[in-house]
Amino acid sequence: MRPNWAEQMSEDDEKQQSPPSDLEFTSNKARNCNATGSGSGHPEFQPPYPDQVLENVLENVLHFVTSRRDRNAASLVCKSWYRVEALTRSELFIGNCYAVSPRRATARFIRVRALHLKGKPRFADFNLMPHDWGAHFGPWVLAMARAYPWLEKVYLKRMTVTDDDLVTLAESFSGFKELVLVCCDGFGTSGLAVFVSKCRQLRVIDLIESEVTDDETDWISYFPEGESHLESLIFDCVECPINFEALERLVARSPSLKKLRLNRYVSIGQLYHLMIRAPQVTHLGTGSFSPLEVAGQGDQEPDYRTAFAACRSLVCLSGFREIIPNYLPAIYPVCANLTSLNFSYANINTEQLKPIIRNCHKLQVFWVLDSICDEGLQAVAATCKELRELRVFPIDANEDSDSPVSEVGLQAISEGCRKLQSILYFCQRMTNAAVIAMSKNCPDLVVFRLCIMKRHRPDAVTGAPMDDGFGAIVMNCKKLTRLAVSGLLTDKAFDYIGKYGKLIRTLSVAFAGDSDMGLKYVLKGCPQLQKLEIRDSPFGDAALLSGLHHYYNMRFLWMSSCKLTRRGCQEIAHATRRLVVEVIRSADEEEMGDSVGTLYMYRSLEGPRIDAPKSVTIL
Amino acid sequence: MVAMERRVNYENDLNLKATELRLGLPGSDEPERQSTPSIRNNKRTSSEISEELRSKSSSGVKQAGNDDHQDDAPPTKAQVVGWPPIRSYRKNYLQNKKNEAEGAGMYVKVSVDGAPYLRKIDLKIYRSYPELLKALENMFKLTIGAYIERKGYNGSDYAPTYEDKDGDWMLVGDIPWEMFISSCKRLRIIQGSEARGLGYV
C-alpha cells in the first residue's frame, strides 16, 4: 500500500480535495540543482550549506502558509518540502480519527500546537450507531502527551472523551489554552473539575452539544483563584445544576471574558448579575431566561433591559431554554446589533417574535423553532436582508404532527433573504415550486438541507415527486457543496444531482430513490463527493461496486437499511486494502442471512482498527 | 377523543397513499426497526435489562394495541429510529417541554413480565406509593408485596421497577414520591428470580 500521507492527514473540509498522488521526487534532484549554482565546495560530496539555506527559507515562508490545502500542496513538491512542511505545521486537522494512527501523525508532524480531530459520522447523532462504537480520544491524548509538550488547543467533534483523558490533557501540557468539545461524550463533571483546576493558562472551554455526566461535582468551583485568562466559557449543554456563587466570582475575575453561554439551571435573575459583571461579552447564552420561582406581585425585579443595554458589544445571543415570553422585551436594546440569534429552544409564537425580529437588521444567523409559523418567517424575510444562515427546527419532531411551517415560509424567505448561503428547514409539507423559487432567488446557497418529516411525501400541491425542486437547486445554485434531500424522490432526482452537483462534498439521502441507478448517478457524477450518508434507500451491491474508483477520494460512505449484502461489501473489501469496511449490526438485529444492516466505509492508512466492539465486523 | 381524531386523519392519509403511484422500497411504509432501549438513549445502556425487555415483553410492544390510551402515533405506525434527523438532546428537550405544556397527566407505560400487552397509567392521579402499587395490583391481578426500606419487596414473586430520566432501571420506592413521579418514564413489573434478587430474599 503506497502511503499518501498528505492526502490522508490533511483534509480540508471547505476547499477542494487534491487528488491522491505519490511522492516521486528525491532530494538529490534538488541538491544537484543547487550545487551547480553555488560554485563552492568539492564537487564530489553534496555541500550542506545551500540545502540549509533552502530549508531555512522554506521554513520561514511556510510559516505564512496556514491553509490546509496549501500545505498539502506544498508537502507534495519534493521530499525536502515535505520535510520542512511537516516541521512547520502547527495546526493538525484529521477528519476521521481512524484514517491515521496517533503514532503516524505524531511521527510526521513534530511541532503541533493545535489538534482538530473528528470521530463518529454524523448519523451517530440519531441513534444509528452502537453506543460503544469507538472514536476514543484516549490513544490520541497519550500519543500527544509524549510528542507535543507545547500543545495549546484541542478541538474534538463526535469523539468519546473520558475523565481520565481530561486529566491527562490537563497534566501533560503546561501551556494548554483551548478545549472545544462538540457532540462529544464519555466524561463528566468530575473530569471537568480536574481539568479546569490544572490548566492555569486556560482561555477557552467550550462544551457544545455534548453529553456531560452529572457526577455531582461542583466543577465551576475548581477554577483556580486569582485573575483568570478565560475568554470563552460555554456550557449550555451541561445538564446539571451549577454553583452560581462560584460562577459569579469566576466571571467577576475574568476581565477577558467575551463568550459566556449558560445552561438552563441559571435563572434570569442570576443572568442579570452575571451580565452586569461582564458587560464586555460578545456572545451570550442566556440560560433558562425565566425566574427560579414565580415572582410575587410586590417583588422587585431587576431591570433586565438596562443590563442588556449595557452590553454594547453583544452580537450573538442564544439560550432561552425555559423562556417566559414576558421577559423577551428585555433584549430589545441589543437587537439592532445582533448578527446571530438562536431561538431554537424557545417556544415562541409569531406575535412574540415579530417585535424582536423587526429590529434585527444586521442578523446573519438565525436558528428558530417552527412555532413561529410561516407568518413568523415572513417577518424574518421582511427585515433580515443580511441573513446568511437559517435553521428552522420542529417543535414536534414527529412524522405525523402538524407542522406550522410549509412551502409558504420557504418561499417568503427566498424572496426576502437573497444573500442566504445555508438553510436547514424541517417541515411536513413542501412544494417543488417553493424549492425552485429558492434556487433562483438565492444563488449563493452553499448548504441546502430540506427535511420533509413525513417520509416519501410528494409535492403537497401537485402530488408529483420532489425531483424537480432538488433538481433546480443543483442546477441553479452553482456554489452548492452540501445537500440533504427528502420527500418522495425517484432516480431522476439523483440523475440531476449527478449531472449538476459538481461541487457537492456532502450528500445526505433518506428514504429516496427507486433503484441502483440513483446511487450510480451520484457516484459517477459528483467528483468532489467526500461524505455520503444514505439510509433506507433501495441501493444494492451493484450500485456500491460502481463507486469503487471514487471511494479512496472520500472521507466516508455510510449506508444503512439499504439493499446491501455481505457478499457485496466483501467484494469491496477485497478489491482494495486502503478502505476499512465496517458492517455494523444494530442490537436488535439477528444475523439476517447475507443482508447488511449498516455499512460504514472509510479510507485509512492503518487497516482495521483494534478497538471495534462486538457489533462491528470489519471485512 | 384525541386519539380517535388522530386515527381518522391517519385513515385519510392512508387512502391518499394507497392511490399514489410510487416505486418506493417494498414495505417502506411498514413499521421500521423498532427503537429499542438498547440503541443509545443518551446514556450508558442497560443492555441486559433491555435484553429481558425484548424477550419477555409482548412482541406487540410498539404495534397496534387495543388500549384506549394510545401513543400519539397512529396504531399501525411505529417510530422509526433516528427519524426525523434531530439530535436526541434536542428531541427530548422539546418533547419534555411539550409534555409539561400540555399538562394532561403524566402517562407512563406499564409492562409486566409475561403479560401480552402493556398498559398506561397516569401517575398524577396517585399521591403515594401504596396507592400506585395497589392500582398496579388491581390492573394486572397480581400481588407485589410489601416494601421494606433499604431492603426491597417482600412476600411476592413480583417487584416494581421504573426507568428514570437517565435511562437507568431502578426499584420503585427508594426516593420521595414527588421526585419519583417527575423522573419516572416507564414502569416494569418484573417477576421471578430477578425480583427476588432485588434486595430482599
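Reader: What share of the accessible surface of chain B belongs to carbon and sulfur atoms?
Author: This is a predicted model, and the areas are computed from it. The accessible surface of chain B comes to about 11,500 Å². Of this area, the share belonging to carbon and sulfur atoms is 52%.

Reader: How many helices and strands are there in chain B, and in which pattern along the sequence?
Author: Chain B holds 6 helices and 7 strands. Read along the sequence, they give the pattern α-α-α-β-β-α-β-β-β-β-α-β-α.

Reader: What average pLDDT does chain B have?
Author: In chain B, 53% of the residues score at least 70. Residues 1-14 of chain B stay under 50, with 9 contacts beyond four places in sequence. Over residues 28-77 of chain B the pLDDT is also below 50, although this stretch has 108 contacts beyond near neighbours in sequence. The average pLDDT for chain B is 66.

Reader: Is A:Val57 buried, partly exposed or exposed?
Author: A:Val57 lies in helix H3 of chain A, which covers residues 48-62. With A:Val53 and A:Val61, A:Val57 forms a nonpolar surface patch of about 220 Å² of accessible area together. Buried requires under 20% relative accessible area and exposed over 50%. Because its relative accessible area is 46%, A:Val57 is partly exposed.

Reader: Which feature does UniProt place at residues 51-90 of chain A?
Author: Over residues 51-90, chain A is 75% helix and 0% strand, and the end C-alpha atoms are 23 Å apart. The unreviewed UniProt entry names the feature at these residues "domain: COI1 F-box".

Terms used: Residues numbered from 1 in each chain as written. Chains lettered and ligands numbered in written order. Predicted model: local features only at pLDDT ≥ 70, side-chain atom pairs only at ≥ 80, totals over all residues. Heavy atoms only, no water. Patch = residues over 30% accessible without salt bridge, like charges linked within 9 Å, V, L, I, M, F, W, Y side chains within 5 Å. Areas by Shrake-Rupley, 256 points an atom, 1.4 Å probe, with all protein chains shown as cover. Salt bridge = Lys/Arg side-chain N within 4 Å of Asp/Glu carboxyl O. Helix = DSSP H or I, 4+ residues; strand = E, 2+ residues; numbered from the N terminus. Buried < 20%, exposed > 50% of the residue type's maximum accessible area, 1.4 Å probe, protein only. UniProt positions renumbered as here; feature names shortened; annotations may be inferred. pLDDT = per-residue confidence, 0-100. Contact = heavy atoms within 4.5 Å.
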